[in-house]
Amino acid sequence: MIRDLSRNLRARSILSHGQKVDPVAGEQVTYVDTHKVHVTADEIILQDNGGAPRRAATVDVTIDVTMSGVNGLDTGMKSPGAWYHIWVISKSRGAVKGLFSASESNPNLPKGFTHKAYVGA
């Protein structure tokens, strides 16, 4: 079971008066339109299936539910009325990417991706 790691995000979004947004409030996710979200954070802690952590800095990904795979939907095609969960994913090294999944606990990771962090739904 994957823990909700959204508390491990530090939002990059800045309010007009210069204070950081509370990341627990979900301010790190911007809904671009009906099928895209933009996720930003200064850092995030991802975990593999065994619970081993990986710290990633400077998260800046756009995820599109009409696409398949990395920065898209993990399996299948967008289903009208379906609820999708937002994940930040990575390989053991390298930049982070995004993923939509119908699963809130175990997304189908694209080939080579080993770490994940739940961001929201």
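**The aromatic pairs and their setting**

A: One of the bridge partners across them is Thr62 in β3, which faces His38. The hairpin of β2 and β3 has 5 residues between the strands, and Gly51 there takes a positive phi near 95°. Please keep in mind that this is a predicted model.

Val29 has Val39 of β2 as its bridge partner, and the hairpin from β1 to β2 passes through 2 residues. Overall, the chain has 7 strands and 0 helices, so its elements read β-β-β-β-β-β-β from the N terminus on.

Now to the rings. A pair of aromatic rings is described by the distance of the centres and the angle of the planes. With a limit of 6.5 Å between ring centres, the count comes to 2 aromatic pairs.

One of them is formed by Tyr84 and Phe100, with 6.4 Å centre to centre and 65° between the planes. An angle over 60 degrees counts as edge-to-face, and that is how this pair is classed. Tyr84 sits in the loop between β4 (72-73) and β5 (85-90), while Phe100 belongs to strand β6 (residues 97-101), so the pair links distant parts of the chain, 16 residues apart. Both Tyr84 and Phe100 are buried.

The other pair is Trp87 with Tyr118, also edge-to-face, with centres 5.2 Å apart and planes at 80°. Because Trp87 lies in strand β5 and Tyr118 in strand β7 (residues 115-120), this pair ties together parts that are 31 residues apart in sequence. Trp87 counts as buried because its relative accessibility is 0%. Tyr118 has 13% relative accessibility, so it counts as buried too.

What else touches the Tyr84 and Phe100 pair? Among the contacts to Tyr84 and Phe100 are those from Val65, which also touches His35, Leu73 and Lys78, leaving aside residues up to four places away in sequence. Val65 is in the loop between β3 (53-64) and β4, and it is buried because its relative accessible area is 4%. From Val65 to Phe100 there are 35 residues in sequence, yet their C-alpha atoms are 6.4 Å apart in space.

The largest pocket has a volume of about 280 Å³. Its lining has 17 residues, and the closest to its centre are Tyr31, Thr34, Ala82, Tyr84 and Phe100.

Finally, a few totals for the whole chain. Of its 121 residues, 40% count as buried. Among contacts with a separation of 6 or more, 55% come from residues 24 or more positions apart. The accessible surface is about 6,800 Å², and 50% of it belongs to carbon and sulfur atoms.

Terms used. Residues numbered from 1 in each chain as written. Predicted model: local features only at pLDDT ≥ 70, side-chain atom pairs only at ≥ 80, totals over all residues. Heavy atoms only, no water. Phe/Tyr/Trp six-rings, centres within 6.5 Å; stacked < 30°, edge-to-face > 60°. Helix = DSSP H or I, 4+ residues; strand = E, 2+ residues; numbered from the N terminus. Buried < 20%, exposed > 50% of the residue type's maximum accessible area, 1.4 Å probe, protein only. Contact = heavy atoms within 4.5 Å. Areas by Shrake-Rupley, 256 points an atom, 1.4 Å probe, with all protein chains shown as cover. Pairing = 2+ DSSP bridges. 1 Å grid on protein atoms, 1.4 Å probe; cavity = no way out; pocket = protein on both sides within 12 Å on 5 of 7 lines; lining within 4 Å. Points joined across faces, edges and corners; volume = space filled by probe spheres on them.
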